[in-house]
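Hi,

Here is the structure I promised to pass on. Have a look at it first, and my notes follow below.

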Amino acid sequence: MSGIPAFLQSSLWSYDFKKMDPKRDRRTVITQVLNYGTTDQVKWLLRTYSDQEIKTVVREPQRGIWHPESLNFWTKIFNLKIDKTIYDMAIFSLDPVPAARWKRWYKVVQKRQEKMKHPKR
């Protein structure tokens, strides 16, 4: 996989895309292109990353980065279910987050980590 193509700059506007590596920064690249990308940029994304890599980024969204329309669209396209608290925390908002919502998010993340440590057999 070579560097990030220049035509992705409009989706990676807040990053120094020349220093980005498609493999190392795949989570950021996938998130930004799914949020802001053009049709051609999304086509590049689908050719460059596996369905599994893309689904993982959508299923485990970064906090405070996603637009609700984008996250909702991609969860439907990939037929994914996201815990409501995780979804809510992934949505970009300038409103302060109530402490109770942070506590719910933290509990959900803890449960997810426990499941990963002790998978069902």
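A quick definition before anything else: I call a residue buried under 20% relative accessible area, exposed over 50% and partly exposed in between, with a 1.4 Å probe and protein chains only. On that basis, 35% of the 121 residues in the chain are buried.

Please keep in mind that this is a predicted model, in which local features need pLDDT of at least 70 and side-chain atom pairs count only at pLDDT 80 or more, while totals for chains, interfaces and linings use all residues. Residues are numbered from 1 along each chain as its sequence is written, and side-chain values use heavy atoms, with hydrogens and water left out.

Now the overall picture. The chain has six helices and zero strands, so the order from the N terminus is simply α-α-α-α-α-α; helices here are DSSP runs of H or I with at least four residues, strands are E runs of at least two, and numbering starts at the N terminus. The C-alpha trace spans about 40 × 40 × 25 Å along its principal axes. Taking contact to mean heavy atoms within 4.5 Å, residues 24 or more positions apart account for 45% of the contacts with a separation of 6 or more. The accessible surface (Shrake-Rupley, 1.4 Å probe; for residues, only the protein chains shown count as cover) comes to about 8300 Å², and 53% of that belongs to carbon and sulfur atoms.

On charges, I count Lys and Arg as positive and Asp and Glu as negative, leaving out His and the chain ends. Each charge is placed at NZ of Lys, CZ of Arg, CG of Asp or CD of Glu. There are 24 positive and 12 negative charges, and their mean positions are 7 Å apart.

Helix 1 is worth a look. Eight of its 11 residues are buried, namely T28, V29, I30, T31, Q32, V33, L34 and N35. These buried residues pack against helix 2 (39-48), helix 3 (51-59) and helix 4. S11, in the segment before helix 1, is buried at 0% relative accessibility. Beyond its neighbours within four places in sequence, S11 is in contact with Q32, V33, Y36, G37 and Q41.

What about aromatic pairs? Rings of Phe, Tyr and Trp (its six-membered ring) pair if their centres lie within 6.5 Å; planes under 30 degrees apart are stacked, over 60 edge-to-face, and the rest tilted. That rule gives four pairs. One is W13 with Y36: the centres are 5.9 Å apart and the planes are at 80°, so this pair is edge-to-face. W13 sits in the segment before helix 1 (26-36) and Y36 in helix 1, so the pair ties together parts that are 23 residues apart in sequence. W13 is exposed at 54% relative accessible area, and Y36 is partly exposed at 32%.

W44 and Y49 also pair edge-to-face, with centres 6.0 Å apart and planes at 85°. Here W44 is buried at 10% relative accessibility, and Y49 is buried at 3%. Elsewhere, ring pairs link F73, W74 and F78 into a cluster.

N79 is in the loop between helix 4 (68-77) and helix 5 (84-90), and is exposed at 65% relative accessibility.

Cheers
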